[in-house]
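Here are my notes for you, as promised. Have the viewer open while you go through them.

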Amino acid sequence: MFSALVTVSESASLKKPVYVRELNLVLFSALCLLGALNTGHDGGAGTLHANAPADVPARLEALGMLGGLPRAALHAQAVAALQVILQVRRINRGRVLDSVGVLLPTGEQHLATVIPAWQRGRGAGPGAPALARLLTERGVAVPPVLGCQG
């Protein structure tokens, strides 16, 4: 995010509006994705670049703030729209699923928080029961690697 802001300020000083349009498109896309996933229809997917699954709420906050969306509204939208966060990592052989997290509201303010459900090389995490429930509610068999039933 910081690099995008630097690019925007450099672009403004050089009178090159291309980067501003690109940033506006990213903001618009992120907010549209949250809106689209909150239509009441089950299922959907999107891509968000973050350093780790736990950073997804902060990344959304930064985009929402730049787009004028208040923090509480952003978290309410995120918790309503997003349930599972998949982290894909690039390795020599291609891409692999590195971790799965569930996005849950936590604390008094019900802020969106990613709870690890499974990590490559570590196994099930504290979010495994919540992920198992989501899978079971949709008629999907819970994988044994989660170590729990829905």
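The points below go from the model as a whole to its sheet, its helices and a few single residues.

1. First, the ground rules. This is a predicted model, in which local features need pLDDT of at least 70 and side-chain atom pairs count only at pLDDT 80 or more, while totals for chains, interfaces and linings use all residues. Residues are numbered from 1 along each chain as its sequence is written, and side-chain values use heavy atoms, with hydrogens and water left out.

2. Confidence. pLDDT is the predictor's confidence in each residue, from 0 to 100. The chain has a mean pLDDT of 79, with 74% of its residues at 70 or more. A contact here means heavy atoms within 4.5 Å.

3. Overall layout. The chain holds five helices and four strands, where helices (H or I, at least four residues) and strands (E, at least two) are DSSP runs, numbered from the N terminus. Along the sequence they follow the pattern α-α-α-α-β-β-β-β-α. Of the 150 residues, 28% count as buried; buried means under 20% relative accessible area, exposed over 50%, and partly exposed in between (1.4 Å probe, protein chains only). Among contacts between residues at least 6 apart in sequence, 37% join residues at least 24 apart.

4. The sheet. The four strands make an open sheet in the order β1-β2-β3-β4, with antiparallel pairing. Its edge strands are β1 and β4, each of which pairs on one side only. Two strands pair if DSSP finds at least two bridges between them. Strands β2 (residues 94-106) and β3 (residues 111-119) are joined by eight bridges; Val102 stands opposite Ile115, and Leu104 stands opposite Thr113. Between β3 and β4 (residues 123-124) there are two bridges, and Gln119 has Gly123 as its bridge partner in β4.

5. The turns. Which residues take a positive phi in the hairpins? In the hairpin of β2 and β3, with four residues between the strands, Gly107 has a positive phi near 75°. In the hairpin of β3 and β4, with three residues between the strands, Gly121 has a positive phi near 85°. His110 lies in the loop between β2 and β3 and is exposed, with a relative accessible area of 51%.

6. Helices on the sheet. Helix α3 (residues 56-66) lies across β1, β2 and β3, and runs at about 145° to β3. Helix α4 (residues 71-81) also packs on the sheet, where it touches β2 and β3, and its direction makes about 35° with that of β3. Axes are lines fitted to C-alpha atoms, for helices over the stretch in contact, and angles run from 0 to 180 degrees between N-to-C directions.

7. The α3 and α4 pair. The two axes come within 10 Å and cross at roughly 130°. That makes α3 oblique to α4, because angles under 35 degrees count as roughly parallel, over 145 as roughly antiparallel, 65 to 115 as roughly perpendicular and the rest as oblique. The contact is made by Pro57, Leu60 and Glu61 of α3 with Arg71, Leu74, His75 and Ala78 of α4. Leu63, also found in α3, is buried at a relative accessible area of 3%. Leu63 and Leu74 are eleven residues apart in sequence and 9.5 Å apart in space, C-alpha to C-alpha.

8. Helix α5. In α5 (residues 128-137), Ala128, Ala130, Leu131, Ala132 and Leu134 are buried. Their cover includes β1 (84-91), β2, β3 and β4. Just after the helix, Gly139 takes a positive phi of about 75°.

9. Is Ser99 buried or exposed? Ser99, in strand β2, counts as buried at 5% relative accessibility. Not counting residues up to four places away in sequence, Ser99 touches Pro53, Ile85, Leu86, Gln87, Trp118 and Gln119.
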